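I opened my notebook to look up how two chains meet. I began at the contact and then turned to one chain by itself.

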Amino acid sequence: MGSKRKKAVGLLLTTVMSMSIFTACGNNNGGSNAANNGAANAANSGSAANDGASNAGAEPAGIDTSKKVQLQFYMLGNAPKDLPKIEEQINKMALEDLNATVKFNYTTWTDWDQKYKLLLSTGQNVDLIFTADWTQYQQYAKKKAFKPLDELLPVAAPTLQKFVPQDMWEAVKIDGSIYTVPATYKEYVTNGFVWREDLRKKYNLPTPVDIDTFEAYLEGIKQNEPKLQPVSFGADIINSLALMYLDIERRNVGPMLNGMRATYDKPAEIMPYWGSAEHLEDLKRFRSWAEKGYFSKNELNETETIQDKLSNGSTAAIMGDNPTRFNATMETMKSLHPDWELGYTPYGVTNGYATPVHPIHNGFAIPESSKNPERALAFYEKMVTDKRYNLLTQYGVEGVNYTVQDGYYKMLGDSNTNGFPREGMNGWAWRNPEYMLFEPSYDGVKKIFDELDKIQKPDIYTGFAEDYTEYQSERAAMEQVMKQYLLPLLAGQVENVEEGLKTFMSKANQAGLQKIQDSYKKQWLAYLTEKGIQ
Amino acid sequence: MLKKKGILHELYTNKILFLMLLPTLLYFLVNNYLPMIGIYYAFVQFDFNTSLFKMDFVGLKNFEFLWKSGKLVELTFNTIGYNIVFIFLGNVLSIFVAILLNDIKGKWFKKISQSILFLPYFVSFVILSVIVFNLFNYEQGVLNTVLQQLGADPVDVYSKPKLWIFFIIMFYLWKNFGYSMVIYLASITGISEDYYEAAKIDGANAFQRAWHITVPMLKNTFVILLLFALGSIMKGQFDLFYQMIGNNGLLFSTTDIIDTYVYRSLRVTFDMGMATAAGVYQSLFGFTLIMIVNAIIRKVNKDYALF
């Protein structure tokens, strides 16, 4: 008897265990399984038929609003505390205007890229989702993860179609179709040097405008403030050092991948960068910086963000940041240390051109899985073009969350007590320049934008959609090789740079770099021809 | 007897029991067996616009990236190696400490040390990585500050891959052994006092009692925990490795496991096929391993085997 029971228990345990092994197949490693929570919501949307008392008059042009629906709206990041109150007010209006309600869902920033991927690939009901170049809009659109909007727009959202300029609609097209509604607010997310201006004045150091002056500034800091780390790059050294360096020193057309580069002036002359003489030269320079102690030996394991390190005084400079974030860092720093100053030189000033943000940078798309694409688009039109919807979802309730003072936005209370800070819903994509309200501190950013406006040239890189279907296993393998052999080189951790680069290149070629680069080059040239860029 | 009457009769006679089992069976069927259909993702080219079985069949192409970088052997070796060390050191240490704690007479002291040993289990890996970074970072780390105070040269811990084998194991044990220790402690409490009293009367000392009574009595718990652990031997402690090592390529040769490799490789693509392929590889490996080990255990002692 006892043995029999033991057996049964054992059997049960085995079942449990083999289950836990197999469940791993479906979801990927990061441990994030966001797919579940939406399932319940999805169930609601299809049901709830209307009682028939539909509001005449509120119906927009050509869409059928006789059936009540709930829209699932997905945005990245964290939801503001007061979101339920905003949602309630929005729903009251939306029910009247479109016979629809909306549920605003937020992914939080933890593993957002995993969750984003799951939202689009598990077929769960999502009606509106944020898109950007950094969420790989081009790739997803190319793989048709979103619905094409070309025919939907004139029917469901004619006002929105007119509101967004034609050239922006053109710019977001992937393979000839529109897959996202671009934001129309013009801003710059180009980079520039950021440094402690008070220290520069104190020791009479040169103002960083290019790599040489930046290097001289770092040297000066090292000499005069031996305890302070001159510059920080953090673990994301590819973006914070390598791509910044290519941007300012080699005038790259954009953050090109796969070890290729082309200049802005001659985009068609695309060439391999990894393993080239220039690459070696650049890596040697980084190594010399590491040897001189300009940055930490353990940059790759740094846990603090470089912006935080700058504002709390553990580093004197970062190589590049965009105007908006620079301004935010400066505000944080001023609140901690009122007597410190921060300096900024946009790369554009040195390079002679700056590219305003590409329309792809902020947008909203309708995923393939959406059951109510028309209503979703009509609702999004309201978010952008209807002042009531727009102000409510950007700034909260006037008089509760904010007030308008001399034309400026003023938050009520502080960031702890206010349940809906400015752009609390991360509403970058549905910003409407006509209704936008700014804080006085934003004047600094506007000043930089005005300066860059004078030298603006179009962004010719972001519209490019790389299709890596044919080399995706090589690409995945390359990712490992890059992290293992290139990152230590960038971080100046490899004593013999030449040897290190050789190792990296041989491993890269083994992983199939050549195949990637050939295909990438072909696609890039085809893209240039298609868009008529010389 | 059972065989003669067949399964229907069995179902009929024990219908109440089977009815009680039903919810559990359903639960596993829906949550665990049904999703297994997804294994098929590993063999198709993922496409947003069609359903799973209409996607293009690509054979083993999705598995290619696993060996393309020439790392599969190293990764499998690392993953299994670490897990074996974790399992054995972890269990030995937990049993040892559990026996010690059990023999402590002071109730307060016992409870407090038990809690202190258990607490690290609740420390998040993110916090752990910050602690480790502050201990070992070259410029301001605790270790190097102390070394410099003593007049020694600072050490760049983050560029010495061999050292991290030791650190990873150490921090794993620090964090996790409290948990299995509590399980063993509970098993020890379940051992009848009679054995010990009889042994005492026969003149056995504390060591002899531990070695000849406690340890053999714990064997069952140990085997079950072992088999549990073996099933996931191909699934590394992702958080531990990812948080402690992160992007530091210098340390990969000794610290990269399949999970971190897959995460890193597939972060740049969104291909369901390749992610599933990696999962299938791990699961098959784990499944094979557990079948073999269970067969061995069955041979040795039938009662200890899981099935």
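Entry one, the contact. I counted who takes part: 60 residues from chain A and 70 residues from chain B. I noted that I am working with a predicted model.

Entry two, the area. I looked up how much surface is buried between chain A and chain B, and found about 6000 Å². Carbon and sulfur atoms give 60% of that area.

Which elements of chain A give two or more residues to the side that touches chain B? I listed α1 (2-26), α4 (112-121), α5 (137-142), α19 (472-490) and α20 (497-511). The largest share comes from α1(A), with 17 residues.

I sorted the side of chain A that touches chain B into 22 nonpolar, 24 polar and 14 charged residues.

How many salt bridges does the rule find across the interface of chain A and chain B? I wrote down zero.

I counted 21 helices and 13 strands in chain A. The chain has 534 residues, and 58% of them are buried. Its accessible surface comes to about 21800 Å². Of that surface, 51% belongs to carbon and sulfur atoms.

I took the contacts in chain A between residues at least 6 apart in sequence. Of these, 76% join residues at least 24 apart.

Note on methods. Residues are numbered from 1 along each chain as its sequence is written. Chains are lettered from A and ligands numbered from 1 in the order in which they are written. This is a predicted model: local features need pLDDT of at least 70, side-chain atom pairs count only at pLDDT 80 or more; totals for chains, interfaces and linings use all residues. Side-chain values use heavy atoms; hydrogens and water are left out. Helices (H or I, at least four residues) and strands (E, at least two) are DSSP runs, numbered from the N terminus. Buried means under 20% relative accessible area, exposed over 50%, partly exposed in between (1.4 Å probe, protein chains only). Contact means heavy atoms within 4.5 Å. Accessible areas come from the Shrake-Rupley method with a 1.4 Å probe; for residues, only the protein chains shown count as cover. Buried area is the accessible area (1.4 Å probe) that two parts lose on being put together, summed over both. A salt bridge is a side-chain nitrogen of Lys or Arg within 4 Å of a carboxyl oxygen of Asp or Glu. Ala, Val, Leu, Ile, Met, Phe, Trp, Tyr, Cys and Pro count as nonpolar, Asp, Glu, Lys and Arg as charged, and the others, Gly among them, as polar.
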